[in-house]
Protein chains: 2
Amino acid sequence: MNDSERSSLLPKADAAVAAAGEAAEASHDLTRKLARFILSARFQDLPDTVRHEGARTLLNWVGCAIGGSRHETVTKAMAALLPFFGPPQATLFGRSERVDVLHAALLNGISSHVLDFDDTHIDTAIHPAAPVAPAILALAEHRPVSGPDFMAALIVGIETEFRIGMAVTPAHYKTGWHITGTAGVFGSAAAAGRLLGLSEQQMCWALGLAAAQPVGLQEMFGSMTKSFHPGRAAQNGLTAALLAHKGYTASEHGLEAKHGWLNVLSTACDYAAFTGAGWEILNNSYKPFACGLVVHPVIDGCIQLRDKNGLTPDMIDRIEVAVHPRVMDVTAIKNPKTGLEGKFSVYHAAAVAVAEGAAGEREFSDAAVRAAVIAELRRRVLATIDPALGKAQARVTVLLKKGDRLSVFVEHALGSVQNPMSDRNLEDKFRGLSEDILSVDRMDRLIDRCWGADKLVDAGEIARSAASA
Amino acid sequence: MNDSERSSLLPKADAAVAAAGEAAEASHDLTRKLARFILSARFQDLPDTVRHEGARTLLNWVGCAIGGSRHETVTKAMAALLPFFGPPQATLFGRSERVDVLHAALLNGISSHVLDFDDTHIDTAIHPAAPVAPAILALAEHRPVSGPDFMAALIVGIETEFRIGMAVTPAHYKTGWHITGTAGVFGSAAAAGRLLGLSEQQMCWALGLAAAQPVGLQEMFGSMTKSFHPGRAAQNGLTAALLAHKGYTASEHGLEAKHGWLNVLSTACDYAAFTGAGWEILNNSYKPFACGLVVHPVIDGCIQLRDKNGLTPDMIDRIEVAVHPRVMDVTAIKNPKTGLEGKFSVYHAAAVAVAEGAAGEREFSDAAVRAAVIAELRRRVLATIDPALGKAQARVTVLLKKGDRLSVFVEHALGSVQNPMSDRNLEDKFRGLSEDILSVDRMDRLIDRCWGADKLVDAGEIARSAASA
């Protein structure tokens, strides 16, 4: 008899009492149990699939951090904080400056999220790498750590975010929190705490210090503060771990207590998420295209037709796309004027995907949006809503001037968990993001170091080789 | 006809619509209106009483920051963060080290709250100075500012905390937030933003960046993280202002939006608090005694009887204290073994107050708790509950060995808004907190600079003269 069957046999009041008892049991010493999980996982015990997904997550994050490194959001944050930087301990990805570890965590966190091109865990809406990777990459430059230890910390930090995120999904997000920042701070504390060698007691304190410093409101979406959220979460979690390491105390029940994080920041909690057996990082996903997920199926279909048929803009009479209704809510801009507007134009997305066979940052630049050949093709795109389509689906039809009609149905867009980017796709994405910033030699070396991170004697090499010349 | 009368004449549904309409009107552009208030207040327009309360708040805060500066909470935080300090721009109060402005805001914020001896706004439970003063004192050392501008920023920062705090009291605190950290970050952003000369637009962004970084859960009470809350709030608000100053954007509706701070962090909001006419700083209060407010009436009565009658321990047969029930919930430790336990012992509080005529940090030290003469007198204290007494009241009776019976009823304990500490009391408290740390000359000079802060050409002198030799 499973739990729900057992409950249904009880009178209602007894069922409520039983449920309350189970919740109390499940929440008992939750922070300590989580601390034990964080400290006990060993790299050598991780399944190969999990290790490999960790490397994919790392490579994808590094590319995004480099790609965002010249964005004005990053340069403004640097200008504001420059007078207060500590010693040049850590690399700013894609830049030549070095800053102290805490500011590196913040600034690299911002740059890795500013393009909205980083990884996504669909079930929780967490972008998992941005709050964790920059904290431990910076720390690894200051305090040497082996590759296996580094990769275990990255993976366990991400799992920590997911467990907390899944426990409070959907109530917490619905309240208005930006979960990447609010759950992210725990991931950073967990990962950094592992690298600092915290005891179980200290890890409880680090989680408590993390609980006291959530970051992120959805109201900030559309402003520079959105990418500040994971950056600050990385910095806060790292600070929490550093403080706990020196014996700075916090409550040992920061998550489960009546006035702890779970109750204060969420109206509901599924404690079972904390004992989840699987490795949730296997459900991490990576964006192949530098725009909102909603328009990815259209882009995927356009690139498929182009590649299969050797399409060029001059061959094309019309592009017809049938889409889920949500697409026209979000990306209906007919004549975008800037790269940013281009990200909210299904017309531009389809045209540039057919013309260029790609949809990276370059294809959503101001120049791409204003290019005559793209603008001309954009006018030939016809978008219609098909309520029968799912959110991850699209139908793309290209009518050629010579009369042919080419069509493709996209069931799961590239980049979804069901149709993931290949390792090669991820490398191509990485190159697209870093080609104007790193030399080809440096790109090659950095890609190798990400794939082989678990073989490194000193994981600090990853960040050091991500500086621009 | 007032608002409630008007509502009562409407059918219920209409009344709900009217109330929703009023709330929408009251919340419209709230962040911008608050930014205007923050930027428009001028020192020369502030009433004398408000200016003087600002000086009292400053003097009290400086004493607390110096008094807490050697606490292990501060030294542990310093040890953890030392490797990451930036240039030596700002003073650590009561210490000889100088650190960067952002870390000074954090560490001075911690030291000023760690003794639980700083100021309190009773209605909201906000400790207002701790998140604001350290941010702008550090900034004033880095970026010269006049005394009047500094004092206006301090007062307006504190009013900002109060307006937000009053709007969400009691719902927000009841949820489990430590309001000193969550409202405090706005006070710091407001005060620092004024000193940086933010435009109205930039001040809206600074408030948005503050909204995204609340600090503090009540679950952390009793751990070092409690005092981390105002320190981090000071640092976060200052960071918000610095970022906004360089054009780092945030939502302009960070407070009032559906997914803004007020709705996400509170289940209820009284928008009228934002247009409050008065200067709420006039209701700030200062603790004369270094322990929880609950036991202050007893201490006040004991000191009154001692001073009036020249009592010494050897004269006393018994001390009888009648107290509000809450006193015995919180301070019932009969035989405290440490200074910290002494703070939770009404017996120790009464005995040491009669024996020493004071109840500062020294009277709650381990040494004081263990002193034979105090321990002996403690055994002669009898505490009884009188449900008729108010929380701020107590009756103290001393029976002398020679048979006399001396009694006093405390209506409002010293330090309450109704019976405030005098300026002289505040100076004595300051000296008690700093006497082991600063020379008498330095204490005198620092006291003068606090009282005369609004006459200083360079407000940075306050912090510079608060360093230990």
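Me: At what angle do helix 4 (residues 48-67) of chain B and helix 8 (residues 147-168) of chain B pack, and how far apart are their axes?
Reply: In this predicted model, the two helices pack at an angle of about 85°, and their axes are 10 Å apart.

Me: Why is the arrangement of helix 4 of chain B and helix 8 of chain B called roughly perpendicular?
Reply: Angles of 65 to 115 degrees count as roughly perpendicular. The angle here is about 85°, and helix 4 of chain B and helix 8 of chain B are therefore described in that way. Helix 4 of chain B contributes B:Val50, B:Arg51, B:Gly54, B:Ala55, B:Thr57 and B:Leu58 to the contact, while helix 8 of chain B contributes B:Phe150, B:Met151, B:Leu154, B:Ile155 and B:Ile158. These residues comprise 8 nonpolar, 2 polar and 1 charged.

Me: What makes helix 11 of chain B oblique to helix 13 of chain B?
Reply: The axes of helix 11 (residues 184-195) of chain B and helix 13 (residues 225-245) of chain B cross at roughly 45° and come within 7 Å. Roughly parallel requires an angle under 35 degrees, and roughly perpendicular begins at 65; the pair is therefore oblique. The crossing is right-handed.

Me: Which residues of helix 11 of chain B meet helix 13 of chain B?
Reply: They are B:Gly184, B:Val185, B:Ser188, B:Ala189, B:Ala192 and B:Gly193; their partners in helix 13 of chain B include B:Ala233, B:Asn236 and B:Gly237.

Me: Where in chain A is the pLDDT below 50?
Reply: Chain A averages a pLDDT of 94, but over residues 1-11 of chain A the value is below 50. Where pLDDT is low, the predicted coordinates should not be read in detail.

Notes
Residues numbered from 1 in each chain as written. Chains lettered and ligands numbered in written order. Predicted model: local features only at pLDDT ≥ 70, side-chain atom pairs only at ≥ 80, totals over all residues. Heavy atoms only, no water. Axes fitted to C-alpha atoms, helices over the stretch in contact; angles between N-to-C directions. Helix = DSSP H or I, 4+ residues; strand = E, 2+ residues; numbered from the N terminus. Parallel < 35°, antiparallel > 145°, perpendicular 65-115°, else oblique. Contact = heavy atoms within 4.5 Å. Nonpolar A, V, L, I, M, F, W, Y, C, P; charged D, E, K, R; others polar. pLDDT = per-residue confidence, 0-100. Left-handed = near helix turned anticlockwise from the far one by under 90°.
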